[in-house]
Each structure stands twice: as structure tokens, then as C-alpha cells.
Amino acid sequence: MGRPATVITLSETEKSELLRWIKLRKGAQDARLRAEIILGCAAGESGNDIAQRLGTSKDVVSRWRQRFSKLGLLGLNDEPRSGRPRTISDEQVQQVVNQVLQGKPDDSSHWSTRRMSRETGLSPASVMRIWHAFGIKPHLEKTFKLSTDPLFVDKVHDIVGLYLNPPERALVLCVDEKSQIQALNRTQPGLPLSPGNPATRTHDYKRHGTTSLFAALDVATGEVIGRLKRQHRSTEFLAFLREIDVSVPADMPIHLIMDNYATHKTDKVRAWLAARPRYNIHFTPTSASWLNLVERFFSTLSEKWIKRQAHVSVKDLEASIEYYLETYNQNPKPFRWHKKADDILASVARAARALGK
């Protein structure tokens, strides 16, 4: 029969603490498992049932039951292990963290591992491990700007709603232009990729003019209507709208998402849209072009195609982009939007509080 399992009785304080361990989003998985085991024991579950439910062994359940019965919550901590003792104190760790978060070196805009190593006396590897443990990356910097649009909240809800719950029997198109795409040619030929060696290119280049890509991204399918034009005035934008009108089904409502660029709001553009009531316009907030999914396509175009190409003329560049568009549209994939409007607004609110606005 074996000996009966030790009965576990929890105080309110112990139960609250164990529940807190389980709810911690970034807590250790081991701590969560131990908390689940003890809560199961206190609820009267058998060791076999607990082990099966949590995907562990009966011996593990028994060990933590015994540890808790003798030492309480302290018994759920890891025991000291054999091996090399710690050589870095908690005070040294705290010094590294405080120094990288609260100041900068005199001769640089940000800390490097070697610079911090010289400052603290720890090895670069130790500094790197401390930064990694706390998720600190001094070499990285993100760009961000708070929108001052008085209708920011309404516009975010409107556009995100189109992404997450698109209207039935209607097209949602994200429209914008990627202007001033430069036709750049390297001053000398580069070497091709070879085993042990990356491809090379010269650091300098020759400019051969620019072109602009007007694009409309179908949110549902990922397909792109693209037209290249040498200028990006209201005249060219209006011509692009006419080309969209020809390319989409004539009897289908159209929702256009676009930014507040002046060429999108001229009298001629407004009149053209007003004469076609099936077009519904949704402007992104000011300084929030990241809400327009076509920007994601522009980024893909630059990184996967244009960035490493060399073009001897604008005509050559335009032919290259047209080829990419044709190839891309043979197997388009939609860019999925996952973040809810309330999550975006909460994130912006946190940034505003951090900036004191």
C-alpha cells in the first residue's frame, strides 16, 4: 500500500503567494510548476493525478510535497548546487544595471560591453550575461513619435477595425506612394558570394535619377496594384486613383486607407472621390503612417529587392520594380494585423506618461 501522502494545509498568505507565482507572466517555469503541485496537494489531489495533469512524474510531486511540508515556501526554492561558486556579487550586478540605465560614458553615446568592462572591472562576457538577463540592449534604438492628432483615438479604432473585422463584400485598400526611389549604380563591380566570403560592393555609388511607386495593397489578399511615375504630385495621385478604379470590380464598395499627405486632399482629388460614393476614405492620424499596412510592403520591397540592386538608369530601376511587382502578385500573401486598438492606445498612453506629456 505504501505510506500515506503528507497532508498539505495552506494559510491564506501561502495560498496567495502560490497563486501569484502562477500568474507571473515572466516568472520561471519551475516556480510555476512547484506552485501548481502544492496547490493540487492542498486541494486533496493524489500524486498520480497531479503528475498526469501537469505532465511531470510522481516522484517530482512527492519531492516538492515533502519539501513544502518541512520548510514551507522556502522549501520550494532550489537547493544549492555543486560547482563553481559565484564570483559576481549582487552589488556588482546592480552597479552594472544602474550604470547602463542611468548614465552614459564620457566618450560615447551609449555603453558597449568592453567600455562597461573597463568601468566595472568585470569581464566583457560577464557584462553581456548581466545585460542579457535583464533584457538590456544599449546598442539598439527605436524611432517613435507621439501623434498630436485630436482624433487619434477615433482613427485608430476605425483603421484597426477594418484590419481585424473587414466589411463583407467590400475591398479594403491601403494606398500610399514610395517617393524618391533612387536609381543607384556602384562605381565598380562587386565580387560574388563564395564559401567563406560574403558578396561585396563598393561603398560609393552614382545617382541616375529617381522614380516614385504608387501602390494600393489589398488587405484581404496581399495583392498590390502598383504604378511608377516620375513625379508624385496631386496629378499623379489622381491618375493612380483612376487606375485603381479600372482595376477593381465596378459594383464593389471600396475603403481607402491613406495618410494626410497634401496631394491626397486637393480639391480635384476631393471632387473625384465625392463623385464616386462607393469610395470610403479613412485617414491615418498625423505622425502615424505605421498604421498603413502598405508601408509593410514598401519595407519588404526595399529589403528584399531594391537595396542590393544596381541600376544604370531610372528606366532600368522602373523595369526592375515592375518585374518584382509582377512576381510578387503571382503568389501574394496578406500582412496580418494582430494588435487590437485598445492595446495600441494603452501602449501610446504609457509612452506619453514616460515622456511627461
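A pocket, as I use the word here, is an open set of grid points with protein on both sides within 12 Å along at least five of seven lines, and its lining residues have an atom within 4 Å of a point. I am working from a predicted model.

**Entry: the largest pocket**
With that in hand, I looked up the largest pocket and found 14 lining residues. Lys137, Pro138, His139, Leu140 and Glu141 are the ones nearest its centre. I noted a volume of about 410 Å³ for this pocket. Sorting its lining by class gave me 6 nonpolar, 4 polar and 4 charged residues.

**Entry: the cavity**
Next I asked how many cavities of 30 Å³ or more there are. The count came to 1. The largest cavity holds about 30 Å³ of space. I wrote down its lining: Phe144, Lys145, Leu146, Ser147 and Phe152, then Ser287, Ala288, Trp290 and Val348. By class, that lining splits into 6 nonpolar, 2 polar and 1 charged.

**Entry: Ala288**
One of the cavity-lining residues is Ala288, and I followed it up. I found Ala288 in the loop that runs between β5 (279-283) and α11 (294-306). Is Ala288 buried or exposed? Its relative accessible area is 1%, so I put Ala288 down as buried, the cut-off for that being under 20%. I also checked Ala288 against Gly222: the two are 66 residues apart in sequence, and their C-alpha atoms are 21 Å apart in space.

**Entry: the annotated stretch**
I turned to the UniProt record, an unreviewed entry, which annotates residues 191-353 as "domain: Integrase catalytic". In the model, this stretch is 40% helix and 18% strand. From the C-alpha atom at one end of residues 191-353 to that at the other I noted 51 Å.

**Entry: cysteines**
How many disulfides does the model have? I got a count of 0. Cys41 counts as buried because its relative accessibility is 5%. Cys174 is buried too, at a relative accessible area of 0%.

**Entry: Gln94**
Last, I looked up a helix residue. Gln94 sits in helix α5, which spans residues 90-102. Glu45 is 49 residues from Gln94 along the chain, and I noted 42 Å between their C-alpha atoms.

How values were computed. Residues numbered from 1 in each chain as written. Predicted model: local features only at pLDDT ≥ 70, side-chain atom pairs only at ≥ 80, totals over all residues. Heavy atoms only, no water. Helix = DSSP H or I, 4+ residues; strand = E, 2+ residues; numbered from the N terminus. Buried < 20%, exposed > 50% of the residue type's maximum accessible area, 1.4 Å probe, protein only. UniProt positions renumbered as here; feature names shortened; annotations may be inferred. Disulfide = S-S within 2.5 Å. 1 Å grid on protein atoms, 1.4 Å probe; cavity = no way out; pocket = protein on both sides within 12 Å on 5 of 7 lines; lining within 4 Å. Points joined across faces, edges and corners; volume = space filled by probe spheres on them. Nonpolar A, V, L, I, M, F, W, Y, C, P; charged D, E, K, R; others polar.
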